[in-house]
Amino acid sequence: MKQRDGDRAKMFTRRAALLGGFQITLVGALVGRMYYLQVVESDRYKTMAEENRFNLRLLPPPRGEIVDRFGMPLAVNRQNYRVSIIGEDILRHVRSAEEREAAVSHTLDALSRIAPLSEYDRARVQRELKRRRGFVPVTIRENLTWEEMASIQVNKPDLPGITIDEGLTRFYPFGEKAAHLLGYVSSVSEEELGDDPLLELPGFRIGKQGIEKVYDLALRGHGGTSRVEVNALGRVIDEQTTEEARPGAEVPLTIDMRLQDFASKRLAGESASAVVIDIHTGAILAMASMPAFDPNVFTRGLSNNEWKDLVRNPRSPLSNKAIAGQYSPGSTFKMVVALAALEGGVIQENQTVFCPGHTELGGHRFHCWKRGGHGTMNLENALAQSCDVYFYEVAKRCGIDRISDMAKRFGVGEMLNVGLPGERPGLMPSRAWKTATLGESWHQGETLVAGIGQGYVLSTPLQLAVMVARIANGGLKVEPTLSRMTPTPGEQGFLDANAASPLLAKPPPSIGVTKAHLDAVRGGMFAVSNGPRGTARRYGIPIEGWRLSGKTGTTQVRRISMRERETGIRREEDLPWELRNHALFVCYAPEDAPRYALAICVEHGGGGSSAAAPVARDIMLETLRLDPARKRPGEEPRVEDLPPELRALMEEAHAKAEMTSAVYGPPAPPGLLEEEEDDEDETTIPPNLEGTPL
Amino acid sequence: MMLGNEFTSARLRRGEMTLGEKLWQVSWSLVLVIMVVAAIGLGMLYSAANGSWDPWASRQATRFAVGIALMLTVALTDIRFWMRYAYVFYGIMLVLLVAVEIKGTIGMGAQRWIDLGIFQLQPSELMKLALVLALARYFHGADLEDVRRLSFLVPPIFLVLVPFGLVLRQPDLGTALMLAAGSGAIAWLVGVRLWIFALLLGGGLAAIPVAWQFLHGYQKNRVLTFLNPERDPLGAGYHILQSKIALGSGGMFGKGFMAGTQAHLNFLPEKQTDFIFTMMAEEFGMVGGLVLLSLYVILVIYGFAITFRCRHQFGRLVAMGVTMTFFLYVFINIAMVMGLIPVVGVPLPLISYGGTAMLTLLLGFGLLLCVFVHRDIQMGRRGSYDD
C-alpha cells in the first residue's frame with residue numbers, strides 16, 4: 001500500500017513537473033509573441049492604428065469667380081441650403097419597420113408643411129434611411145430658398161432629426177446671356193479623373209465648356225485637408241483642419257457684361273451670333289450666340305428630356321455660333337478681295353468695271369444680285385452697292401492665291417485661338433489646298449465665286465470681326481482675346497502668369513497692307529452705311545462722331561433654280577426657315593476714330609441689310625454709348641442725355657432688345673421686329689459651277 | 001498511515017476542524033492575488049465603457065462579490081462532500097447540457113445558455129469543474145496497475161467523451177477542447193501510459209477531416225482565417241487583425257488608461273469580453289500585459305504548490321485539474337487574441353465580462369482552497385476517514 005502510494009506519488013510528481021514545464025513553454029510562447037507584436041513590430045502596428053483612426057478628408061476649395069472687364073461677377077458660388085435627416089435621432093426607440101416608416105413619415109409631414117416635398121423624395125428618403133447607418137445624414141432636398149431654410153431653422157425643435165447644411169453651387173447670374181462664353185460645370189466623368197484627388201470628391205464639379213473648361217485649373221483652386229478621427233463605424237469623433245483649401249483664382253474676362261447682355265437680348269428670337277471686339281487690343285467685348293441654354297441647369301444636372309430638347313433643337317442652342325458657326329462670308333468678304341487686288345496692283349481705286357447684271361466665263365454665266373446690273377462701278381460704289389460683277393472681275397484679275405493670302409492675313413480661314421473650346425477654323429481655299437484635299441485643279445470660275453465670298457470660303461463671325469478690326473486699325477494684326485489670364489499656371493501660379501501677360505505688351509505687328517488701300521476699302525464701307533446707295537444706308541448712324549462703316553452679306557443656303565431665276569419667284573418669306581439665306585453684317589465705328597468692330601450673322605435671317613444690319617446697328621449704338629474700352633461703368637452717357645436724334649435711335653434699339661428678349665425662343669413673327677419692306681438685299685448669285693459646294 | 005509531517009494532528013487528519021480553524025487555513029494570500037486580478041479586470045471594464053461603471057464594471061463587481069462568497073463557501077465545505085457527490089454534480093451538469101441541447105436559447109450563434117431566471121447559466125463552463133471532480137474521484141483510488149489496465153480507462157473516457165460531444169455539438173469548440181485538455185492532464189498525472197495518449201491523439205487527428213464536415217461555417221472560417229489571416233481582412237480576419245494592431249500599437253508602455261484608440265473607437269471587437277487582454281495591452285503596453293501574465297503565473301504556481309502540499313490523491317487531482325483548467329483559460333485566450341491560435345470564444349479568467357466564467361473560475365478556486373484547507377485529511381478510497 002505504502003509502496004504503491006509512493007510509486008503513484010513519484011509518477012504524479014514527475015508528470016506534474018513535466019506538465020509545469022510544458023506550461024512554462026507555453027507562457028514563454030506568449031511572452032515571445034507579446035514581445036514580437038509590441039516591440040519588434042510595434043511601429044508597423046502604430047502606423048496601422050493611426051490609419052485606422054484618422055481619415056484624411058479633402059476640403060473642396062471654392063471655385064474661382066469669373067468676372068467681366070469691370071469686375072461684374074458672371075459666374076459665382078451660391079450658398080446651397082440642403083435639408084437632411086439623421087436617422088438615429090428619430091429612430092432610437094423604433095422596433096419594427098412599420099414604426100420606422102411611421103416615424104419618418106411623421107417628420108417628413110411636419111417638414112413638408114414648411115418646404116414642399118415630392119412623393120419621389122419621400123420614397124427615396126425612406127429607402128435610404130433603411131440602408132444607411134443611423135448617423136449618416138440623408139439628404140431630403142437641396143436648393144432650399146432662404147425663406148424655407150429660415151423657417152426650418154425656426155421650427156427645428158419640432159423637427160427632430162432634421163438638419164440643415166450648406167454647400168456651394170455654381171451660379172450664373174446672367175443665365176443664358178453668357179452661356180456659351182462661360183460654359184458650365186458638371187460632375188466629373190470617369191475619363192476625367194486624373195491626379196487631382198479633388199476630382200474624386202462626391203459632388204465635385206469641373207468646367208465642361210467655355211471659360212469654365214479652359215480655365216478649369218485656375219478656377220478650381222487647391223483642396224485643403226482635414227484629419228478626421230473616426231471610429232470603426234466611420235462616425236466622426238473629431239475633426240481638425242490641417243490645411244485650408246485655397247480658393248480658385250478669379251478669372252477676369254474682357255467682356256463687358258452690359259454689352260453682352262444687350263447683344264444677347266437683341267439677338268434673341270433668332271438663331272444668330274455676334275462678336276464685338278476692340279480693334280486696338282483685340283479684346284472681345286461681347287460674344288453672343290442665340291439661342292442659348294441655361295448653364296445653371298447643367299450644374300444641377302439635366303433630365304434626359306431637357307438634354308434631348310437641347311440637342312435636337314435645329315437652332316443648336318448648345319453651339320457657340322460665334323466661333324463654331326462656319327458660314328460663307330458672302331459680300332462681307334469683298335473687302336479682302338479688294339485689298340488683295342489693290343495690293344497686287346491689278347486694279348486701281350478709281351478703275352471702273354461695267355456691270356450689266358452678269359458676266360461670262362468659260363460658257364458659264366455669273367449673275368450679279370441686281371438683275372439689271374449696276375452700270376459703271378468703281379471700288380467705292382462696288383462695295384457700297386455690293387456689286388458682284390465688279391468683284392468677279394477683280395477676283396479674276398487677282399487670282400485665288402493672292403485672295404487666299406490676303407484673307408489669311410485678315411484672319412479668315414485661320415484658327416484664331418481665342419481660347420474657347422469648339423472654335424472652328426473656317427476655310428480659305430487656294431490652288432494648293434484644292435489639289436491637296438480634293439485632288440483636283442483649281443478652276444478660274446471658282447476664283448470668281450470666291451471673289452464674292454462664296455464657294456469654298458467659310459468663316460466664323462469671330463473671324464469676320466477680327467477681319468474688320470484689322471481693316472479699321474490700319475492693318476495691325478490684333479489677336480482676339482477673352483481674358484488677360486493664361487489658362488495654364490505659370491511658375492508662381494496663375495496670378496504670376498496673369499501679370500506676365502499684359503494685354504498690349506507690345507503693339508501688334510502690321511499685316512503689311514498699304515494704308516491708302518485700307519482707306520479706299522474703308523471709304524467703300526463708309527458708303528455702305530452712309531452713302532446714298534449703300535446697301536445698309538437705312539441702318540447707319542447719321543450722327544457725327546457715331547457714324548459706322550459696314551458691309552452687308554447675304555449667303556444662300558440652297559441653290560436658286562433656273563426656273564426661279566426665270567420666273568423671279570423667290571421671296572425669302574415664302575421659303576421654309578431652314579432654306580432662307582444667312583444674313584451677315586460686319587462694321588466698325590466710329591468712322592472718324594475707329595475703336596470697335598462688330599460682326600453678326602443671323603442664320604436664315606433673310607438678307608444682310610434687312611436682318612443683320614439693323615441688329616448690328618443697335619448693338620454698335622450700345623457699344624458706342626457704353627464705350628467700354630475707355631469709360632468705366634457709370635461714366636457712359638445716359639440715354640436721356642443723348643442728343644435727340646441719337647436718343648431716338650438708342651431708345652428704339654433698347655425697345656427692340658426688350659421686345660426680342662421678351663419673345664424669347666421661337667422666331668419673332670415677321671413684321672414685328674423689322675419693317676416689312678422690299679429691301680435691296682443683295683442675294684448672292686449662285687455660281688453655276690458643277691461641284692461647287694454651298 | 002500517510003506520509004507526512006509530524007505536526008499534523010490526528011484530528012486534522014480526520015478533518016475535524018472548526019470553522020475558525022478552517023478560515024485560518026484558507027490561503028488568504030491566494031485570495032488577495034485573485035482580488036488583485038479581478039480589480040484589474042474591473043478597471044479594464046471601466047475603461048471599456050469609456051470611463052463608466054455602467055454597463056459592465058458594476059455588474060461584474062456584483063458578480064465577483066457573489067463569486068467570492070461562493071468560493072469561500074466551497075473552500076470551507078468538507079472536501080469529502082465534493083468527493084462523495086462528484087458523480088452527482090457531474091450527472092446534474094450532464095442533464096443541464098442535454099437540456100441546453102433540447103431547449104437552449106440561441107446566443108452568439110450557438111446554443112450555450114440555459115435561462116435560470118436570475119441569470120443565464122452556461123452548463124458547459126460548470127462542466128469543466130464537474131468533470132475534474134468526477135475524474136479525480138475516479139482516479140483517487142486507482143494505483144498505477146489499475147491505470148495501466150485498458151478496461152479501467154474505458155469509464156473515464158466515456159466520462160470525458162459524453163460532455164465533449166455535447167459541447168462540441170452546441171457548438172463550442174473552445175470549451176470542448178478545454179474539457180479534453182483538462183481531462184487529458186488528469187489522465188497524464190495519474191500515469192496513463194504514453195501510447196494511449198498517442199493513440200487518442202492520433203485518433204483525434206484522424207477524425208479532423210470527418211469533424212471538419214460537422215463544423216459550422218463560422219468555425220471553418222475561423223480556422224481558415226487563422227491559417228491565413230490575410231484571407232479576408234474585412235471579414236473573419238478583421239477581428240484578429242484589429243486585435244494585433246491594438247497590441248502592436250500599444251508598444252512597450254501602452255497608450256495610457258482609457259486612451260486606447262483601437263478599443264475606444266470600436267475597432268477592437270468584443271473588447272469587454274474575449275478581447276479584453278488586447279485592450280489592456282494597448283493601454284498599458286507590454287509591461288501591463290506582462291504584469292497580468294505574471295499574476296496568472298503566480299496563481300498557477302499556487303495551484304502547483306497546493307497540489308504538492310496535499311496528501312491525498314483526490315485533492316491533488318482536483319487541484320491540478322482546476323489549475324490546468326485555469327491555465328488553459330489564460331493560454332487559449334491570450335494566444336488567440338495575439339493570433340497564435342484560431343479564435344475560439346474563451347474568456348480571459350477573472351477579467352472578461354461574463355457571469356458563468358467568473359462563477360466557474362471562482363468555484364474552481366474555491367475547490368483549490370478547499371483542497372488546501374483539507375490538505376492533510378486522510379481519505380480512503382471511497383472518501384471515508386478510514387481506508
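## A guided tour of chains A and B

Start by selecting A:Pro291, which sits in the loop between strand E12 (284–290) and helix H11 (295–300) of chain A. Helices (H or I, at least four residues) and strands (E, at least two) are DSSP runs numbered from the N terminus. The peptide bond leading from A:Met290 into A:Pro291 is cis, with omega near -5 degrees.

Before moving on, a word about what is on your screen. This is a predicted model, where local features need pLDDT of at least 70 and side-chain atom pairs count only at pLDDT 80 or more, while totals for chains, interfaces and linings use all residues. Residues are numbered from 1 along each chain as its sequence is written, chains are lettered from A and ligands numbered from 1 in the order in which they are written, and side-chain values use heavy atoms, leaving out hydrogens and water.

**Chain A as a whole**

Of its 694 residues, 54% are buried, where buried means under 20% relative accessible area, exposed means over 50%, and partly exposed is in between (1.4 Å probe, protein chains only). Its accessible surface comes to about 30100 Å², with 51% of that belonging to carbon and sulfur atoms; such areas come from the Shrake-Rupley method with a 1.4 Å probe, and for residues only the protein chains shown count as cover. Look at contacts too (heavy atoms within 4.5 Å): among those in chain A between residues at least 6 apart in sequence, 73% join residues at least 24 apart.

Colour the chain by pLDDT, the predictor's confidence in each residue, from 0 to 100. Chain A has a mean pLDDT of 82, and 86% of its residues reach 70 or more. Which stretches of chain A stay under 50? One is residues 496–502, for which the model has ten contacts beyond four places in sequence. Another is residues 684–694, with 40 such contacts. Where pLDDT is low, the predicted coordinates should not be read in detail.

**Two positive phi angles**

Most residues other than glycine have a negative phi, and most peptide bonds are trans. Select A:Ser316, in the loop between helix H12 (304–312) and helix H13 (321–324) of chain A. Its phi is near 40 degrees, a positive value in a residue other than glycine, and A:Ser316 is partly exposed at 27% relative accessibility. Next comes A:Asn417, in the loop between helix H17 (400–409) and H18 of chain A. This residue is not a glycine either, yet its phi is positive at about 50 degrees. Is A:Asn417 buried or exposed? At 57% relative accessibility, A:Asn417 counts as exposed.

**Aromatic rings**

Rings of Phe, Tyr and Trp (its six-membered ring) pair if their centres lie within 6.5 Å; planes under 30 degrees apart count as stacked, over 60 as edge-to-face and the rest as tilted. By this rule there are 24 aromatic pairs over all chains. For one of them, select A:Trp433 and A:Tyr456: the ring centres are 5.0 Å apart and the planes stand at 65 degrees, so the pair is edge-to-face. A:Trp433 is in helix H18 (residues 431–438) and A:Tyr456 in the loop between helix H19 (444–451) and helix H20 (461–472) of chain A, so the pair ties together parts 23 residues apart in sequence. A:Tyr456 is buried, with a relative accessible area of 11%.

Over in chain B, the rings of B:Tyr46 and B:Trp53 have centres 4.6 Å apart and planes at 45 degrees, so this pair is tilted. B:Tyr46 is partly exposed at 23% relative accessibility, whereas B:Trp53 is exposed at 51%. Back in chain A, select A:Tyr184, A:Phe293, A:Phe298 and A:Trp307 together to see one aromatic cluster.

**Around chain B**

Select B:Pro55, in the loop between helix H3 (28–48) and helix H4 (57–76) of chain B. The peptide bond from B:Asp54 to B:Pro55 is cis, with omega near -5 degrees.

Last, pick B:Met336 in helix H16 (residues 313–337) of chain B. B:Met336 is buried, with a relative accessible area of 0%. Leaving aside neighbours within four places in sequence, its contacts include B:Ile240, B:Asp274 and B:Val346. B:Met336 and B:Ser243 are 93 residues apart in sequence, and 9.7 Å apart in space from C-alpha to C-alpha.
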